[in-house]
Amino acid sequence: MAHQYRSQDRLSPTGDTKDMDDIVTLLAPRLAYFAGVARTEHVTRAAQEMQVPQSTLSRAMVRLEQDLGVDLFARRGRTVSLTPAGRTFLASVERALAEVERAADEVRADADPATGKVAFGFLHTMGAETVPGLLHAFRADHPRVRFSLVQNYGEAMLEGLRAGELDLCLTSPVPDAPDLVARRLDEQKLRLVVPADHRLAARRRIRLAEAADEVFVTLESGYGLRRITDDLCQEAGFRPRVAFEGEEAETLRGLVAAGLGVALLPPPAVARPGVVELTVTAPRAVREIGVAWLDGHPDTPPVAAFKRFLLSKRGNLLPA
């Protein structure tokens, strides 16, 4: 049977974005109605199953056919059967509705207080020890909450918050932006890391100005720790001569161990051979660690619980 097209099509098949938006706006509310009528092949029975007035259902199907410009049903009283066009349309509609149902199930599951999901970002330097310890402690009271973990540098995580990809992040420096909420949780001392055979390796403490003539290895521009390094060196009266830039603190430690420079770094989770870590006495060399989230963004129960947990760790976030 050839498809029977109506004389006045409502939708233009140009394929441009506005036309596609119009199609979705017009068709989406009627797709479930169409699937119900197609499944029962009876308007009255479908109306009863979906608990909508029969007149509403009948009008919706007529309008759907008008909007598409094609007959979806062959009618015999209250009984209907799908035309070839209707069968083609039904296959795609059922897939679309199944995908919507799957998405609804997924977001409901993610919001479940007991088994929901938290999208949590944190700095690479906190991945070896701090974050595993936090998650272990949190799951003592929330054993089935799931986590999507993202390690990245600070600015990338803030963009993840803004894009809705992250719920919370641990970052440094603590951001100050009008669209974000940030709370300082702790501070971490930074040390000057030098090769084990370096002229300063016998020292335990050092003023940063004493390293003004050294070659530095640092994180790349845009990383919070790089900004802190530049600021501390400026406060000490010099601009660091940077020989190597990287993305991981432990990679920088390896470069220091190889004799390629010195670096300002937070303490390692495990001591690394080949380097000596000196306490910086001046200027005060620390970085603040804070938690941030998008202002006005509603929290699911698991996110709210983990946020409360992190805020309870203020002053006690980092391992002793």
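# Close-up views of a predicted model

**View 1. Contact between helix 6 and helix 10.** In this predicted model, the residues L134, L135, A137 and F138 of helix 6 meet P302, A305, F306, F309 and L310 of helix 10. Sorted by class, this contact of helix 6 with helix 10 has nine nonpolar residues, no polar residues and no charged residues. Two packed helices are described by the angle between their axes and by the distance between those axes. Here helix 6 (residues 130–138) and helix 10 (residues 301–311) pack at an angle of about 115 degrees, and their axes are 11 Å apart. The crossing that helix 6 makes with helix 10 is right-handed.

**View 2. F120 and its surroundings.** The residue F120 belongs to strand 3, which comprises residues 117–122. F120 is buried, because its relative accessible area is 0% and the buried class takes in values under 20%. When residues up to four places away in sequence are not counted, F120 touches V131, F147, S148, L149, V150, L166, L168, C169, L170, F306 and L310. F120 and D167 are 47 residues apart in sequence, whereas their C-alpha atoms are 6.0 Å apart in space.

**View 3. Helix 4 and the residue that follows.** Helix 4 has 15 residues (residues 54–68) and, at 1.5 Å a residue, should span 21 Å, which agrees with the 21 Å between its end C-alpha atoms. The buried residues of helix 4 are L57, A60, M61, L64, E65 and D67. Seen down the axis of helix 4, these buried residues fall within an arc of 165 degrees, so they line one face of the helix. An α-helix has 3.6 residues a turn, so residues three or four places apart point the same way. Just after helix 4 comes G69, which takes a positive phi of about 75 degrees.

View 4. Most residues other than glycine have a negative phi, and most peptide bonds are trans. E41, although it is not a glycine, has a positive phi of about 55 degrees, and it lies in the loop between helix 2 (31–40) and helix 3 (43–50). E41 is partly exposed, with a relative accessible area of 37%. Q51 is likewise not a glycine and has a positive phi of about 60 degrees, and its place is in the loop between helix 3 and helix 4. Q51 is exposed, with a relative accessible area of 72%.

View 5. P283 is found in the loop between strand 12 (275–282) and strand 13 (286–294).

**View 6. L311 in helix 10.** The residue L311 has its place in helix 10, and it is partly exposed, with a relative accessible area of 25%. If its neighbours within four places in sequence are left aside, L311 is in contact with R183, L185, V291 and W293. L311 and G69 are 242 residues apart along the chain, and their C-alpha atoms are separated by 58 Å.

Note on methods. Residues numbered from 1 in each chain as written. Predicted model: local features only at pLDDT ≥ 70, side-chain atom pairs only at ≥ 80, totals over all residues. Heavy atoms only, no water. Axes fitted to C-alpha atoms, helices over the stretch in contact; angles between N-to-C directions. Helix = DSSP H or I, 4+ residues; strand = E, 2+ residues; numbered from the N terminus. Left-handed = near helix turned anticlockwise from the far one by under 90°. Contact = heavy atoms within 4.5 Å. Nonpolar A, V, L, I, M, F, W, Y, C, P; charged D, E, K, R; others polar. Expected span 1.5 Å × (residues − 1). Buried < 20%, exposed > 50% of the residue type's maximum accessible area, 1.4 Å probe, protein only. Arc of directions from axis to C-beta.
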